[in-house]
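Biologist: I am new to this structure and would like to know what stands behind the words used for it. Please set each term against its cut-offs.

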Amino acid sequence: MAGGDAAAVDSGEKRLNELGYKQELRREMTLFKTLAISFSTMTLFTGITPLYGTSLQYAGPASLVWGWVVVSFFTWFVGIAMAEICSSFPTTGSLYFWAAHLAGPVWGPLASWCCAWLEAIGLIAGIGTQAYAGSQVLQSIILLCTGTNKGGGYLAPRWLFLVMYLSLTFIWAVLNTFALEVIAVLDVISMWWQVIGGTVIVIMLPLVAKTTQPASYVFTHFEKAPDVTGISSSAYAVILSFLVSQYSLYGYDAAAHLTEETKGADKNGPIAILSSIGIITVFGWAYILALTFSIQDFSYLYDPANETAGTFVPAQILYDAFHGRYNNSAGAIVLLFVIWASFFFGGLSITTSAARVVYALSRDRGVPFSSVWRKIHPTRKVPGNAVWLCAAVCALLGLPILWINVVFTAITSVATIGWVGGYAVPIFARMVMREADFRPGPFYLGRASRPVCLVAFLWICYTCSVFLLPTVYPIKTDTFNYAPIALGVVLGLIMLWWVVDARKWFKGPVRNIDEQVDHNGDGNGSVKV
């Protein structure tokens, strides 16, 4: 290649070629657009809103508010570790590819196998979290629109709640199968919806509330509810109150998935990852503070006789603020719709991502009946079968809604452990590999890399562990967190398949550039990753 042409090659594309991949996607995304999509994927409302009420009840406002700060601090270690890896490997395969390449030719296939399956499990369960929480918000909207719980309003029973859950899952699957052009438009709307809607709620809610809680209450008040949760241990209550923050603060790997479409991805990919964490850290804390300062009566939030039937604390906070100021619930309904739409956009986006991960894994024969799930529609060019597989599994996850009260806790546990657990594989591989084998990108931690990766890995292990804990005592059939059993069975079967058969043929992501393209002669061409 001539010197002038080489100088014109994007730095991210050059590194992609060195890794054995040719540039196939259009590299047109700027840092701003990549950051915006990453922020939209993390989502402000969809993480905090559904778990806010339960987390608040475990240990009161102080634990919830400061829990966000603590979790944000450790999330930075994970983000920084991933940013360094992203700078070295700016590929769309991201976690899947990183795990294979960092673990080397011997352990790479197993690492990529574990990482891909964890990511697939996390994303499919993630669809369920959006469907459940979206149904929960819709239930509150219907109740307030029909006269509130005190005024004879209609509270959707379990069977109808399940119908709403399944309907959202079905709609997202249909749109992902037949309307990709519509999804492209909705992705842009979603980005601005999160930013503008979040800003409006954070600013408006405390201003509308007739009274606000004092700072001493928000930042220092600790209050357990053992008669409701069955948890009398202060330490255990605090641990569970952190779950809302741990559930909300992930998804920043979306920036890494876009690196093959981002200009200067070896630099802008890490910037987007860290910037999205910074933005959601500040924005999320502001949202938590807005809700907490606007509480009118803490005990009334959970009263089954209140206007929202004690089913959804953020809805009651919104209702109390607007009804107290204007003597009607119209403002609360509008803001609830803003929140509901964010769940709709989030579920649509996660369905797209989940189907792509399942398709990619099927392409490498990593899913049973891979020949079915890797099929692409000849005209629409979408992995339709993979989309419907994700929708079907998500529907199965939601069926216990009819009998169990902690379904959302279980689904969020599966989603968080799968998604965040996928981060652990490449981070652990980076931590234990020889430094001489790592080719750093522009964002390089140097000697700080191993300590940062160690803290990040331990934090991920802790996060996955706490999402397996019981959240309500005593443990009964309708309060049992079935996530440990579901994950244990699925992961056990996946690893059994690996030991018995898959290890013999699964090699992980496959190079798609001519083998002679080996710019640095460092042996990359001989590594089947």
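Modeller: Of the 529 residues of the protein chain, 57% count as buried; buried means under 20% relative accessible area, exposed over 50%, and partly exposed in between, with a 1.4 Å probe and protein chains only. This is a predicted model, where local features need pLDDT of at least 70 and side-chain atom pairs count only at pLDDT 80 or more, while totals for chains, interfaces and linings use all residues. Residues are numbered from 1 along each chain as its sequence is written, and side-chain values use heavy atoms, with hydrogens and water left out.

Biologist: What is the average pLDDT of the protein chain?

Modeller: The average is 82, and 84% of the residues score at least 70; pLDDT is the predictor's confidence in each residue, from 0 to 100. Over residues 1–7 the pLDDT is below 50, and this stretch has two contacts in the model beyond near neighbours in sequence. Residues 514–529 also have a pLDDT below 50, with 24 such contacts. Contact means heavy atoms within 4.5 Å.

Biologist: How many helices and strands does the protein chain have?

Modeller: The chain has 21 helices and zero strands. Both are DSSP runs numbered from the N terminus: helices are H or I with at least four residues, strands are E with at least two.

Biologist: Why does Thr-49 count as buried?

Modeller: Thr-49 has 0% relative accessibility, which is under the 20% limit, so Thr-49 counts as buried. Its place is in helix 4 (residues 45–59). Leaving out residues up to four places away in sequence, Thr-49 touches Tyr-287, Phe-312, Pro-314, Ile-339 and Phe-343.

Biologist: What makes the pairing of the Thr-49 and Tyr-287 side chains a polar contact?

Modeller: The distance is 2.9 Å. A polar contact is a pair of N or O atoms within 3.5 Å; within protein, one must be able to donate a hydrogen and the other to accept it, and residues adjacent in sequence count only if both atoms are side-chain atoms. The 2.9 Å value falls within that limit, so the term applies.

Biologist: Which residues does a cis peptide bond join?

Modeller: Tyr-473 and Pro-474 are joined by it, with omega at about -5 degrees. Pro-474 lies in the loop between helix 20 and helix 21 (483–500).

Biologist: What is the class make-up of the lining of the largest cavity?

Modeller: Eight residues are nonpolar, three polar and none charged. Ala, Val, Leu, Ile, Met, Phe, Trp, Tyr, Cys and Pro count as nonpolar, Asp, Glu, Lys and Arg as charged, and the others, Gly among them, as polar. The lining includes Tyr-252 and Trp-459. A cavity is a set of points, on a 1 Å grid over the protein atoms alone, where a 1.4 Å probe fits but cannot get out; lining residues have an atom within 4 Å of a point.

Biologist: Why does Tyr-252 count as buried?

Modeller: Tyr-252 has 2% relative accessibility, under the 20% limit, and therefore counts as buried.

How values were computed. On a 1 Å grid over the protein atoms alone, a cavity is a set of points where a 1.4 Å probe fits but cannot get out, and a pocket is an open set with protein on both sides within 12 Å along at least five of seven lines; lining residues have an atom within 4 Å of a point.
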